[in-house]
Amino acid sequence: MLDSLTQRLTKVVKTIRGQARLTESNMQDMLREIRIALLEADVAIPVVKDLIARIKEKALGTEVQTSLTPGQALVGIVHDELTKVIGGEDPENVREINLATQPPAIILLAGLQGAGKTTTAGKLGKWLKEEKKKKVLTVSADVYRPAAIDQLQTVSQQANIDFFPSTPNEKPLDIARKALEYAKLHYYDVLIVDTAGRLAIDEQMMNEVSDLEKFLNPIETFFVVDAMVGQDAVNTAKAFGEKLPLTGVILTKVDGDSRGGAALSVRMVTGKPIKFMGVGEKLNGFQRFDPQAMAGRILG
Ligand code: GDP
């Protein structure tokens, strides 16, 4: 079991007991412990550097109240900074899903294979139907894995939302066009478009999803990313963020045992709010993202 940050700091804090302020020199050991704790939580190295600089700036000169140990004071600062970076400074409505457009509101899901896009399509559809009382249609533009289309059909049925059939011998753009026409004709409020994902980022896949985005002009383009991937999240997020005008992030598999450093990395790299999180394989394992809880989890 990894030590929590509080435990780590308690160990080094003895050295500065009795000092009234946090200073460059008395913080050294604690900052090192914070750095290790963040790395253990799978926060990417450049993101850790950035955070440490922010924390240092905030903490320098902080008077240590008599009621707190310097370690506790610093943990408080780290927690606040993490919460801010993960989304605590965003106004609440930034994490709200945007459906303010002429219906159907199109939601595009992009991400690597296995990230949880198809499952998320079902979860989000169910959530929109139950929480927002929307009429939802799903469609799969994944023509590379025939099983992907069947899988979306299955989750849509489980979610009790409608599914627009497609086949692997159609072109993604044609599928998108047909689904959109159908959605307009039948007065759907929301069209969720699931896209193909590869094991790694490749040019063709990125161009394809970019073409879909340009054609559909979605109100929401979500980057779906697995919280368990840790450090790798940075490169993937960067690649998707450069290619697509992302509007938000959906973090999946938050029920896993990772410390959740990916959340921090993805938020910093894309600059986009994390709006939802997947917390289980079942379709009801889906929640609004909670920055406070995620900061607490990263700190352990
Ligand atoms: P896709 O390739 O991006 O469409 O990914 P899938 O939707 O097929 O998901 C890949 C695997 O991750 C499946 O086994 C899902 O059941 C699982 N999965 C998706 N979201 C979650 C989640 O939030 N928690 C857990 N534990 N598993 C998930």
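Biologist: Which residues of helix α9 (residues 233-243) are buried?

Modeller: They are Ala233, Val234, Thr236, Ala237, Ala239 and Phe240. Buried means under 20% relative accessible area, exposed over 50%, and partly exposed in between (1.4 Å probe, protein chains only). Helices (H or I, at least four residues) and strands (E, at least two) are DSSP runs, numbered from the N terminus. This is a predicted model, where local features need pLDDT of at least 70 and side-chain atom pairs 80 or more, while totals for chains, interfaces and linings use all residues. Residues are numbered from 1 along each chain as its sequence is written, and side-chain values use heavy atoms, without hydrogens or water.

Biologist: What covers the buried residues of α9?

Modeller: The cover includes β1 (105-110), α8 (203-216), β5 (220-226) and α10 (261-270).

Biologist: What makes Ser265 count as buried?

Modeller: Its relative accessible area is 0%, so Ser265 is buried. Ser265 is part of helix α10. Its contacts (heavy atoms within 4.5 Å) beyond four places in sequence are Asp42, Val43, Ala44, Val47 and Val234. Val234 is one of the buried residues of α9. Pro46 is 219 residues from Ser265 along the chain, yet their C-alpha atoms are separated by 8.8 Å.

Biologist: Why is Glu220 called buried?

Modeller: Its value is 1%, so Glu220 falls in the buried class. This residue belongs to strand β5. Beyond four places in sequence, Glu220 contacts Glu96, Ile97, Asn98, Ile106, Ile107, Leu108, Thr247 and Lys275.

Biologist: How do you know that the side chains of Glu220 and Lys275 make a polar contact?

Modeller: A polar contact is a pair of N or O atoms within 3.5 Å; within protein, one must be able to donate a hydrogen and the other to accept it, and sequence-adjacent residues count only through two side-chain atoms. The contact between these side chains is 2.8 Å.

Biologist: Why does Thr83 count as buried?

Modeller: Thr83 has 10% relative accessibility, so the buried label applies. Thr83 sits in helix α4 (residues 70-88). With residues up to four places away left out, Thr83 touches Gly88, Pro291, Gln292 and Ala295.

Biologist: How many residues surround the ligand?

Modeller: There are 17, and the closest are Gly114, Lys117, Thr118, Thr119 and Asp255. A residue counts if one of its heavy atoms lies within 4 Å. Helix α5 (residues 117-132) gives the most to this shell, with four residues.

Biologist: What distances separate polar atoms of the protein from oxygen atoms of the ligand?

Modeller: For a side-chain N or O atom of Thr119 it is 2.6 Å. For a polar side-chain atom of Gln151 it is 2.9 Å. For a polar backbone atom of Ala115 it is 3.3 Å.

Biologist: What makes the backbone of Asp42 worth a look?

Modeller: Most residues other than glycine have a negative phi, and most peptide bonds are trans. Asp42 is not a glycine, yet its phi is positive, about 75 degrees. Asp42 lies in the loop between α2 (24-40) and α3 (45-59). Its relative accessible area is 29%, so Asp42 is partly exposed.

Biologist: Why is Asn217 called exposed?

Modeller: Asn217 has 60% relative accessibility, so it counts as exposed. Asn217 lies in the loop between α8 and β5. Its phi is positive too, near 45 degrees.
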